[in-house]
Amino acid sequence: MKIPEMRNATLQSIHFAHRNLSTAFVDFRALATHFATQLKLCNPPNPTSLTRAQVIHAQIITSGFTPRGYILGSLINAYSKHRRVKYARQLFDEMPQPDIVASTTMVSAYCNLGNLKESRRIFDEIPVHARDVVCYNSMITGYNHNGDGTGAIRLFWEMLHDSVRPDHFSYSGVLSALSLIAHDSRQCYQLHCGMVKSGMGHSTSVLNSLISLYVKCACSASVVSSSLLGEARKLFDEMEKKDELTLTTMITGYARNNDLVSARQVFDSATEKPVAVWNAMISGYVHHGLYLEAFELFRRMNVEGTLHDDYTYTNVLGACANSGLFRLGREIHARILRKEVKGKVRLSSSVSNALVTLYYKCSKIHEARRIFEEMPVKDIISWNSILSGYATAGQVLDAKDLFSRMPEKNHLTWAIMIAAYAQNGLGEEGVRLLNQMRHEGFQPCDYSYAGAATACSNLGALDQGRQLHSQVIRLGYESSISLGNALITMYGRCGTVEDAHLIFTTTPSVDSVSWNAMIAAFGHHGHGVQALELFEQMLEVGILPDRIAFLTILTACSHAGFVHQGRSYFDLMQKYQIYPGEDHYARMIDLFCRAGKFSEAEELIDSMPFEPKAPILEAMLAGCRIHGNLDLGIKVAEKLLNLIPQNDGTYILLSNIYAAAGQWNDVARVRALMRDRGVKKEPACSWIDVENMVHVFLVDDTSHPEVQAVYDYLKQLGPRLRELGYIPDTKYVLHDMESEQKEYSLSTHSEKLAVAYGLLKLPVGATIRVFKNLRICGDCHNAIKYISKLTQRVIIVRDVKRFHHFKNGECSCGDFW
């Protein structure tokens with residue numbers, strides 16, 4: 001028998017023990033009794049038991065004693081319990097005929113390491129007649145712990161076939177196995193019947209497993225039976241003795257099935273409520289957004305003297321973070337710190353992680369970082385939490401620095417960083433990071449692809465988005481709701497609303513975000529009727545609209561000019577107990593002012609429960625520009641200049657209003673005011689993707705290498721466009737100059753240059769897709785209509801507000817924009 005590697009201190013003790021043994025133990029029977037007694041002290045495992053077992057093993061070797069049976073099995077068990085499976089296997093292999101105890105020990109050891117293949121090989125080597133119920137139970141438990149419910153169930157049926165009578169551990173194991181797969185209600189009933197026939201119907205552990213099975217099956221989307229939760233409740237009511245697991249399983253089951261009333265009935269019926277039962281009920285409330293009810297239970301725990309644990313704190317801190325109740329969250333933080341000082345509680349990693357999340361979600365990123373830095377032990381959840389904080393705060397450079405210093409990364413880490421780039425205007429970096437993720441050996445998950453799809457939508461990179469979509473299909477992620485929503489948005493923002501609708505209609509399951517994304521896509525593309533129809537369909541199928549849903553439908557009404565419908569939806573918000581926010585009012589003001597209904601807009605502003613701020617006043621000023629309402633425009637602009645003096649949009653709109661009225665002195669005055677205040681106009685730029693390269697054009701561009709060819713092409717188009725009826729609208733030129741100069745100035749606008757470049761470079765018949773950082777110019781809008789008619793091409797322009805689909809001389813916006 002080979003000697004395991006020992007530490008120096010252990011070897012010294014071996015020599016010392018050997019001298020004593022040579023004089024004290026000459027009778028091998030006495031030696032066997034001595035070693036057996038010593039090995040008993042190694043159970044249950046503790047920090048010193050492994051060293052004790054190694055010393056005993058060394059004494060056995062040096063004494064010349066040949067261990068068999070119980071002693072050898074005890075050594076194998078000691079090594080296995082301490083995950084020294086290599087030593088245990090060495091002893092096991094030297095046994096001429098391993099007994100059932102040693103074999104079962106090795107089966108459990110390999111299962112605990114996650115090596116089911118080797119565990120099953122040892123199990124199969126045990127003769128069928130020698131296998132007992134403990135051996136089967138060990139293998140079934142191993143399958144369960146490694147997530148292989150199917151393997152556990154198959155072994156249970158083998159056990160019955162081999163005439164081995166299951167005990168309550170067997171039934172608990174197979175019930176747990178079935179709950180892992182939870183796809184066949186018939187098996188639930190079959191095992192229930194088998195359990196009753198076997199006489200196990202009074203075992204609390206078996207009944208708990210059966211209740212858990214019914215509950216999990218009832219929560220499974222693949223099970224259609226509606227009676228499973230009722231079966232669980234029937235078992236629950238018939239149980240004479242209900243323990244902590246019984247109560248928590250039943251409460252959790254009801255909560256997962258959206259029946260919080262029944263969950264609360266179970267909770268209230270418990271005469272004794274351990275902390276886990278309180279946590280289960282609080283967790284149910286938190287997951288359903290019923291934060292006030294969760295906080296009330298938290299308060300009652302204090303009143304009734306039930307001590308909070310880590311799970312209690314993480315739940316209520318999560319509720320504070322999600323509901324924005326920072327002050328309450330900080331009070332709970334203070335309570336935790338007071339208890340920590342008194343030694344009643346130690347700030348665990350899970351509670352610290354919840355605190356980091358609370359502070360960053362409440363816009364306190366510096367405090368979140370301080371808590372993170374003070375954590376004695378930081379796990380991957382800690383790092384991901386603070387990384388999410390920086391991403392949410394838009395501090396991408398800090399997030400990037402933290403990402404580079406993380407000791408380990410998981411799929412969520414990459415997904416957070418990709419989303420951070422995508423949502424903060426760094427889409428190219430986001431797509432690049434997805435490729436780097438693959439290069440470093442990580443298979444991107446659906447959340448990573450969702451972030452990359454968002455990056456493509458912000459860039460308008462349709463070809464890259466389609467490539468991502470093909471990868472998603474190849475990897476089988478089509479059923480992911482979050483990824484499906486990102487693809488709907490991506491196709492919508494890249495100008496192919498038909499593809500967005502195809503994703504929406506073919507995704508296996510959709511949520512409220514999916515509906516909102518599709519309604520928004522229809523609205524941004526000017527398909528107001530389809531947007532309204534989809535919103536009504538959403539209500540018909542029972543999806544409750546949230547504040548985002550109303551925001552999207554009001555936006556759709558604004559883009560389409562549906563004043564009556566918009567007012568109706570605005571009033572409908574009260575029915576769903578949703579109070580209009582500033583953004584909802586801004587959409588309504590935009591709708592009224594675009595339609596020229598300034599009196600209605602002013603009445604709505606007067607009825608608001610708060611003073612109008614910049615978004616509402618900007619919507620009104622834009623309407624004044626459209627309809628040339630000079631007097632009201634000046635009043636609104638003065639308010640905006642006081643509220644947001646550094647915003648260039650106000651100066652530009654006011655200049656437009658003055659220019660349209662021919663008041664060039666006032667235009668000059670506004671420009672001088674901009675200079676004095678150091679306000680710079682954001683330069684207009686447009687871009688187009690040609691052969692996987694983005695080409696950017698500025699106003700009066702001279703930097704693009706092929707810009708002269710673009711100017712020449714536009715010069716050739718000019719006379720032909722005039723023949724069709726195009727007349728340059730010089731009111732959009734904000735400089736007092738000669739008519740010819742104004743017309744030339746209009747011809748150098750960035751969107752015209754980008755469209756012309758697409759016509760020159762893209763194949764005949766290909767759709768031209770152009771993106772602009774500002775709103776499309778009125779003259780350019782008119783010119784592109786004529787260009788689409790002249791060239792018989794579909795031209796799609798996405799500006800900062802919406803899409804314009806130009807085809808055969810018409811635009812999808814109906815000239816209402």
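Helices (H or I, at least four residues) and strands (E, at least two) are taken here as DSSP runs and numbered from the N terminus. The structure is a predicted model, in which local features need pLDDT of at least 70 and side-chain atom pairs count only at pLDDT 80 or more, while totals for chains, interfaces and linings use all residues. Residues are numbered from 1 along each chain as its sequence is written, and side-chain values use heavy atoms, with hydrogens and water left out.

| Helix | Residues | Number of residues | First to last C-alpha | Expected span |
|---|---|---|---|---|
| H40 | 707-724 | 18 residues | 25 Å | 26 Å |
| H26 | 446-459 | 14 residues | 20 Å | 20 Å |

In H40 a kink of about 30 degrees lies at Gly718, shortly before the proline Pro719; the bend at a residue is the angle between axes fitted to the seven residues ending there and the seven starting there. Just after H40, Gly725 takes a positive phi of about 120 degrees, and H26 is followed by Gly460, whose phi is also positive, near 75 degrees.

Buried means under 20% relative accessible area, exposed over 50%, and partly exposed in between (1.4 Å probe, protein chains only). The buried residues of H40 include Val707, Val710, Tyr711 and Leu721. H26 is largely enclosed by the rest of the structure, because 10 of its 14 residues are buried, among them Tyr449, Gly451 and Cys456. What covers these buried residues includes helix H25 (427-439), helix H27 (462-475) and strand E4 (795-798).

**Nonpolar cores**

A nonpolar core is a set of buried Ala, Val, Leu, Ile, Met, Phe, Trp, Tyr and Cys residues joined through side-chain atoms within 4.5 Å. The largest one has 210 residues, of which Met417, Met518, Ile589 and Met620 touch the most other members. Helix H12 (residues 204-219) gives the most to this core, with 9 residues. A second, separate core of 31 residues includes Val710, Ala754, Val770 and Cys813.

**A buried lysine**

Lys785 lies in helix H43 (residues 778-791) and counts as buried because its relative accessibility is 13%. Leaving aside neighbours within four places in sequence, Lys785 is in contact (heavy atoms within 4.5 Å) with Phe806, Gly809, Glu810, Cys811 and Asp815. The C-alpha atoms of Lys785 and His805, which are 20 residues apart along the chain, are separated by 9.2 Å.

Conventions: The expected span of a helix is 1.5 Å times one less than its number of residues.
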